[in-house]
Amino acid sequence: MEKTVALALGSGGARGYTHIGVIRAIEERGYKIISVSGCSMGAIVGGFYAAGKLDEYADWVCSLGYLDILRLVDFKLLSGGAIKLEKVYSVIGDMLDGCKIEDLKIPYTSVATDLRNNKEIWFQRGSLVEAMRASAAIPTILEPVITKDLMLVDGAVLNPLPITPCVSAHAQYIMAVDINSDVPVPDNLLSNLQDSESQKRAWLDTVIDKASDWLGRRTSEAREEAGQNLGKLETLSRMFEVMQSSLSRFKTAGYPPDLMIRIPTDCCEMYEFYRAGEMIRLGYQIANEALDAFEHGHSSLYGERMN
């Protein structure tokens, strides 16, 4: 009997790269993913998977170092504005080549939040790139998507782990990936975390220097201003993570999946998008451990049977 899966992919910034490893592990074990829903980075990874272009996307993000990430970002955040990701979505748009959601190989749902009407918006038709952009627009950090009637921001404001769209797929299993879980980083990856801390400090120093250039001032005052704004970014990121974790628990209580795959929050900061390869490997490792336990009828540290 074919083992079918409806897959829900949660939000969490750069940790969302773990979704790629999770998908690869699920497929390697002979499961067939027949539906995917996602929020924020989950919507982006899920969209590329549904379009049959996940490997192309993975190759691109794994090629990006932290200086490459800086070249893709507009530094207006560091002078009080919101980050623009036009260069990022230009590359994504080229890869997806005008793809429409209704033309995807499998059903796909991207979840965003409409701030004007205080409700979730599900994208199941229309431009795939625009659905991704709306779902991933983190409030106060990334620019919202504004139309005549809507102001769309990150779906995680209301639903960071969109399991509900999976129900209508009538798959044998519903699996969800929570990338804001309070579980420890696997022991074999702890040394990588220490290395990433030093890399993060170098990245932040480079951001401050670039921001000072953008502001037109190479002074200690400019560095201090940029550093303060980056500190605010880290605080906002942490606040958003706490909110997502709480909302995910609430949502899954109402719609528990058959398997919840848990990715540790501490494995990566939301903004460390230069760590794609490491996060993909982590997702693959954790998914295999979770699936091992699931297939033997019990839960594990990284995989909870909920039905």
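This is a predicted model: local features need pLDDT of at least 70, side-chain atom pairs count only at pLDDT 80 or more; totals for chains, interfaces and linings use all residues.
Reader: Before we start, what pLDDT do local features need here?

Author: Residues are numbered from 1 along each chain as its sequence is written, and side-chain values use heavy atoms, with hydrogens and water left out. Totals for chains, interfaces and linings use all residues, side-chain atom pairs count only at pLDDT 80 or more, and local features need pLDDT of at least 70.

Reader: Is helix 2 roughly parallel or roughly antiparallel to helix 6?

Author: Helices here are DSSP runs of H or I with at least four residues, strands are runs of E with at least two, and both are numbered from the N terminus. Helix 2 (residues 41-50) packs on helix 6 (residues 128-135) at an angle of about 160°, and their axes are 8 Å apart. Angles under 35 degrees count as roughly parallel, over 145 as roughly antiparallel, 65 to 115 as roughly perpendicular and the rest as oblique. That makes helix 2, relative to helix 6, roughly antiparallel.

Reader: Which residues of helix 6 meet helix 2?

Author: Contact means heavy atoms within 4.5 Å. From helix 2 come Ala43, Ile44, Gly47 and Phe48, and their partners in helix 6 are Leu128, Met132 and Ser135.

Reader: How many of the residues of helix 1 are buried?

Author: Buried means under 20% relative accessible area, exposed over 50% and partly exposed in between (1.4 Å probe, protein chains only). Among the buried residues of helix 1 are His19, Val22 and Ile26. Helix 1 (residues 18-28) is largely enclosed by the rest of the structure, because the buried share of its eleven residues is eight.

Reader: How far apart in sequence are the parts tied together by Tyr17 and Phe273?

Author: Rings of Phe, Tyr and Trp (its six-membered ring) pair if their centres lie within 6.5 Å; planes under 30 degrees apart count as stacked, over 60 as edge-to-face and the rest as tilted. The structure holds five aromatic pairs. In one of them, the rings of Tyr17 and Phe273 have centres 6.0 Å apart and planes at 85°, so the pair is edge-to-face. Tyr17 lies in the loop between strand 1 and helix 1 and Phe273 in the loop between strand 8 and helix 10, so the pair ties together parts whose separation in sequence is 256 residues.

Reader: Is Tyr17 buried or exposed?

Author: The relative accessibility of Tyr17 is 4%, so Tyr17 counts as buried. For Tyr17, then, the answer is buried.

Notes:
Axes are lines fitted to C-alpha atoms, for helices over the stretch in contact, and angles run from 0 to 180 degrees between N-to-C directions.
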